[in-house]
Amino acid sequence: MNESSDLRDIKGIGTSLVDKLNRLGLKTINDLIEYFPRRYDDLSSVSPIKSLSPGHVTIRVMIKSIAGRYIKNGRRITEAIASDDTGSIKLTWFNQPYRETSLKRDTLYYISGKYELRYGRFAIYNPIVEAVSDFPLNTARIVPRYSQTKGLSSSDIRRALFKLTDLIALTPESLPIEIIKKYKLVSLGNALYAIHFPDSIKALEAAKRRLGFEELFMMILASELNKSAYENSSAVEISFDQALAKNFVDKLPFSLTDDQRKAAWQIYLDMARSRPMNRLIEGDVGSGKTAVAAMAALMVVNADKQAVLMAPTELLARQHDGTVNLMFKAIGLAGKVDLLIGGMSEAQKSKAHQRILNQETMFVIGTHALIQDKVKIPELALVIIDEQHRFGVNQRQALKLKANTQPHLLSLSATPIPRSLALTLFGELDISKLIEKPSSRQLVKTLLVSESVLNRKLNEIKTELRAGRQMFIVSSNIDTHPKYSVTELQKWANAKFSEYRVGVMHGRLKSDEKDKVMKDFAANKLDILVSTTVIEVGIDIPNATSMLIFDAESFGLAQLHQLRGRVGRGKHPGMAYLVHPDDATPSDRLKALESSNDGFKLAELDLDIRGPGAIYGKLQHGLLDLRVAGLADKKLISEAREAAKFFMIKGLNLLKYPKLATEVTKLQKLTNLN
Ligand code: ADP
Ligand code: MG
């Protein structure tokens, strides 16, 4: 039996338990060992009966007598008297008649449960029992609690793990011994044992520190290795043409912010080198990332190389195609920019494929449709990923692989990477921040309102519409929510705003229908757009000034911030109403949106409250799934970072640490943003 053996090979656990463990996704012995507890109950302090006070207690007692009887409504009550040197106590179970035969008189047991006053007398009700002669798993110790499935309890899991204690203790060390020593870590075997069977709080803390350190260390090492591999690969040098850049900027309908200028400059420097750029532009909604991306592509097109921009939705891709085409046309590069999305007709698509192949199209903007094998981009030198966290590693990778040599990579994101993550997972990235907002940007005032308050405010809300401006109504759901679905809200809007033109937008519309609705809304042929979150990213309608968001609790803060970023993008300030049912009280989380317009702060807050998955989406969730380490543990992060650097500088050979090598290689693939 070894780590990769099947759970069935464990002697002494039945097939029904194995089945249940399988259902939790645990197949191998290693899976089980790495299934860490969610929390712990400290039942380690055993009290003398004499000094018990109400609450959770553990005692070490001899059973003196035990008997059962039926009470009213057919329930069975089992009562025992137990004693230690200091006194005796009553134990009571309801509907557990097997206790009457399983508990032996004059035998020592650990009993854990709640000591309380019920029906006028003190007793321990429905306690857990374990014989002292057994190794106690569920009482008289720090007891781990696991996430469970139906029919499978924490004590089942502990029972299975208990069969593996010898194996666990002998787990080979995964980290270099120098690092173990330097950071005073306990061995992997000891840590794994203590995480499941902690003998003391101190041992548990040491185990958590060790395992948390290892998680962080592996992530950082993966990221450092990626960085060094990247730095050692070569890319096409894109020479910088200052006159061209100046001409382009002069023709823009606005003047760049200093941050935009700086980001473009950094990109030009990166791309002029013979190693691939790996840069992230991080800027809140409306900070003007598109213009910077267009400037990057410009230099590539000028060098007779191709650039590609992938956006997460067709709406956004179309919009980018529109704006970028205008920008390129202004400097006489019309016809070099083309769109490729799944919603185009087969004929249009194959024409686009051909133009890209023939290098008539030098900058192609699209969606996932770009990834298809059919799409050949022979001179691809720059890959731009808009809203990068919306894409999985494989998708980004697939696009990159279209290039013959390593392309330059530019990622754009409105969801800021908190510092803790920047230091761990994304250490390989160069980051440009667009902090300064274009002067045209208006603050979006946000108000939490109940439905009835909203109804009272309708007239006020209509002031904006009367002035010729437009409004979004957003819901998380197309047609199943009884009140707040797009379908229901459309009816509601038609009734309450009957004097205005209402359109509908959601992901299930056909591509050309979406396009028409968006075009109509952009051309102000619709006053109100009832929509799902498909408009969340990037949609730019400067005349839209108000937004009603229904069922706001179901969204993440970063997402709500993105959503409200859709209004107030023009001359006039924006207003977002987050609507909740009359009988609900909005959470503190939502209240934070009222008081803060800082996307970065909101993302950090959501990271604390809802965890990384809520912010970075499911696609990148796997790699953010730290089981032991907290991203808030700055000291541990900095130690793990130092250790990873040490590993790199010492030139330690990963292959000498097989377990580490396997895990790190896996992580390298996951975190690789290249
Ligand atoms: P995001 O960073 O959210 O992707 P966009 O690139 O879509 O933002 O830009 C938002 C809007 O701001 C667009 O209408 C764009 O034309 C405009 N814009 C971009 N940069 C500037 C600037 N420096 N001054 C004024 N408006 C700008
Ligand atoms: Mg954008």
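User: Which helix gives the largest share of the lining of the largest cavity?

Analyst: On a 1 Å grid over the protein atoms alone, a cavity is a set of points where a 1.4 Å probe fits but cannot get out, and lining residues have an atom within 4 Å of a point. Helices are DSSP runs (H or I, at least four residues), numbered from the N terminus. In this predicted model, helix α19 (residues 557-564) gives the largest share, three residues. The lining includes A558, H561 and Q562, together with D284, V285, A414, T415, P416 and G599.

User: What volume does the largest cavity have?

Analyst: A volume is the space filled by probe spheres set on the points, which are joined across faces, edges and corners. The largest cavity has about 40 Å³, and the structure holds one cavity of 30 Å³ or more.

User: How should I read the largest pocket, and which helix supplies the largest share of its lining?

Analyst: A pocket is an open set of points with protein on both sides within 12 Å along at least five of seven lines. The largest pocket has a volume of about 980 Å³. It is lined by 41 residues, of which F254, G288, T290, T323 and D540 are the closest to its centre. Helix α12 supplies the largest share of the lining, eight residues. Helices α9 (242-251), α11 (289-302) and α12 (314-330) each give at least two residues.

User: Where does ligand 1 sit?

Analyst: A molecule sits in a pocket if more than half of its atoms lie within 2 Å of its grid points. Ligand 1 sits in the largest pocket. Around ligand 1 are 16 residues (each with a heavy atom within 4 Å), and the closest are Q260, G286, K289, T290 and D540.

User: Which polar contacts does ligand 1 make with S255, G288 and K289?

Analyst: A polar contact here is a pair of N or O atoms within 3.5 Å. A nitrogen atom of ligand 1 lies 2.9 Å from a polar backbone atom of S255. One oxygen contact, at 3.1 Å, is to a polar backbone atom of G288; another, at 2.8 Å, is to an N or O atom in the K289 side chain.

User: How are the model and its numbering to be read?

Analyst: Local features need pLDDT of at least 70 and side-chain atom pairs pLDDT 80 or more, whereas totals for chains, interfaces and linings use all residues; side-chain values use heavy atoms, without hydrogens and water. Residues are numbered from 1 along each chain as its sequence is written, while chains are lettered from A and ligands numbered from 1 in the order in which they are written.

Technical notes: Polar contact = N/O pair within 3.5 Å; in protein donor to acceptor, adjacent residues only side chain to side chain.
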